[in-house]
Amino acid sequence: MSGIEAQFYDGRTSVPVAVRLAFDGSGNALVSLPAEQRHYPRAALRIHDRIGALAPRTIDFSDGAVAHVPPDAESDRLLDALSGGAGGWVRRLEARWLLALAALVICTVSIAAFIHYGLPALATFVADRTPPAFEIELGRKTLEDLDEGLLQTSELPVERQRTLRTAFEQQVARQAASALTLRLEFRASKAIGANALALPGGIVVLIDDIVELAEHDEELLTVLAHEVGHVVGRHAFKQLLEGLGITLIMTAITGDISGPASLAAALPALLLHAGYSRRYEREADDYAFAWADAHGVARSRLTDLLLRLEEKYNGLSIPNLLSTHPSSEERSRAAATAR
Amino acid sequence: MQDTNTDSQPELQRIEFRGTGGEYFRIWIVNLALTILTLGIYSAWAKVRRLKYFYGSTQLAGHAFDYHGNPIAILKGRLVAVLVLVAYSALAQLWPLLGAALVIAFWLAIPWIVTRAQMFQMRMTSYRGLRWDFEPDYGGAFKAMLLAPLATALSLGLLFPWATRLRYRWLIENTAYGKTFCKLDIGLKPFVMALLYTLPLIVAGALLVTLGGGVMSLLTAGGGDGPPAPDAVGRTLVWMLVGFYLPLIFVFYLVLAVWKRTVMNATLPATTLGPVRLHCKLSARWLAWIYVSNLVGIVLTLGLFMPWAKVRAAKYQLECMGYVASGPVDEFHASETERTSAVGEEIGELMDVDISL
């Protein structure tokens, strides 16, 4: 018979009793209380793992009684042996810094891999199975929201709008392999500046400033081809889904910090989101370059406009990690290579 | 031997928290890795280990708390909760009108969810071998969770102290240790004071945010014909972070610290459990410091500081609490508890229903 010191509670009153627990070879327990001796067969015991170096190890008895065994290596050895061959293996994993480091590597690699490969694949899977009607409705709603805040009515002459729209429809939109109907919209916007947007559902918005900044219509057509690249790849919708996925993952990981501290998780999420965004920008650039090649337009039309944009807004530059677009330099390099 | 002490001056028994950040980091990361390797199934076991660690590390008058949640019950609860959520979003997607009806249904279900979650949590907690308990007072929950907030909104916030006291009273007076129920004897004054202390901070915060927002829009709009960078979105995000979120978070924590200190320091000492009176003496300054420094630590380490942050917050708050007994504490008796499913708790957790003190 081997024994260990423990604090015993009978589960009916709050009286603690210091006892000695004795175990026979098959794990049956004998508890010596002041007034009586209690016998518990092995099957009536639930021996829990000890979690934390200073926390007691608990044993639940089938009649509702509990024993708290103070931390002690000798008792741990005995109780591990009683709870079967694998007893305490998680505790041993948790005890070592080196193993914790290995766990950290496993977590980081698998989460990064999932975010990098799994989530985009999942977003594509879901996007491919979502009826276009849903995405079109989403795009219509988005444009409505934008019109109430960031976007104003275009100040471009109607004639100019018509020319650009015709060029867009005949030279860019018609060749696009997309289940979505492409539609060009003109808007003015102080907040967005010289830019073009691809909304879910096939709406492409051209902001007045970029039309004025362009020195040749081919520049605008390459920009429009870039936006059509976003539409064909359903990037806006996929990004929405990925954002949702990242939020879910962050909640799962940080789930046990309550309330506002989870705001801190917004930062990595922001960085990851920008990363996806840059990936889609490159894809859309590739689409625009392919379009330019097929239509005998110089690839430099797009990068010329981008460089002019950068010159115009030579303000605060955003570090690449936070930026939603690849740098113009990188995009020019991409235009020069990869034919 | 201990019984001879009961005649002398009642002594304050403080909670001692024995957990450390390093230890919890290892527990957290190992269990997270196991959860990932088992595609999420282990998460229920991870939750039990995490809670057992925190409960077992909490000692009051030489006795540790214990958590008895069963991983299988928690796993089942999670599955049901996920199914409910998936069914809800699928239905809401297909029939938007039904979705709106379901939102109302969920809102009406909040008292049930909160009560079930509280029951599960209390019944899975033991101290000195006795389980805690929570009375399923659904009527009280309906009043405290739905009617009181509604009345507060209708009174333009005037009834807020009253509504808060109602919620605490529901939470505390339905809680029992064994078969002994907690009693809360408290006036409205502490809740009025908590509001008066935090109101100036909230107003200051609102001013700060307006100012930050103004500066931000100036910086991003650029003014005149020099509109913002082409990368307006990224740039706006940076300025939102610096000019808007950081001050907002800071003020938020300050308000939270002052509110928590005022309410907890009044509510717990007004709570009795048989011969026992609870004790709590939090400092708003320390609370705010812990919140803010934890946040900075978490952001700078991309989340790795989280376990240390959690242990620091728990240790400080728990060690400010304790009890004073005016009679023997050996005479509490167990009640006959039935089994409680973890469904309410897991739905609550997924939907972020929070009722903590």
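On the fold side, chain B has eleven helices and eleven strands. Of its 357 residues, 47% are buried. If you look at contacts with a separation of 6 or more, 73% of those in chain B link residues 24 or more positions apart.

How confident is the predictor about chain B? The chain averages a pLDDT of 84, with 81% of the residues scoring at least 70.

| Stretch of chain B | pLDDT | Contacts beyond four places in sequence |
|---|---|---|
| Residues 1-6 | under 50 | three contacts |
| Residues 222-230 | under 50 | 22 contacts |

Where pLDDT is low, the predicted coordinates should not be read in detail.

The structure holds one cavity of 30 Å³ or more, and about 70 Å³ of space lies in the largest cavity. Which residues line the largest cavity? From chain A come Asp49(A), Ile51(A), Ala55(A), Pro56(A) and Thr58(A), while Lys52(B), Gly56(B), Phe65(B) and Asp66(B) come from chain B. In chain B, α2 (43-56) and β3 (63-67) each supply at least two residues of this lining. Sorted by class, the lining has four nonpolar, two polar and three charged residues.

Terms used. Residues numbered from 1 in each chain as written. Chains lettered and ligands numbered in written order. Predicted model: local features only at pLDDT ≥ 70, side-chain atom pairs only at ≥ 80, totals over all residues. Heavy atoms only, no water. pLDDT = per-residue confidence, 0-100. Contact = heavy atoms within 4.5 Å. Helix = DSSP H or I, 4+ residues; strand = E, 2+ residues; numbered from the N terminus. Buried < 20%, exposed > 50% of the residue type's maximum accessible area, 1.4 Å probe, protein only. 1 Å grid on protein atoms, 1.4 Å probe; cavity = no way out; pocket = protein on both sides within 12 Å on 5 of 7 lines; lining within 4 Å. Points joined across faces, edges and corners; volume = space filled by probe spheres on them. Nonpolar A, V, L, I, M, F, W, Y, C, P; charged D, E, K, R; others polar.
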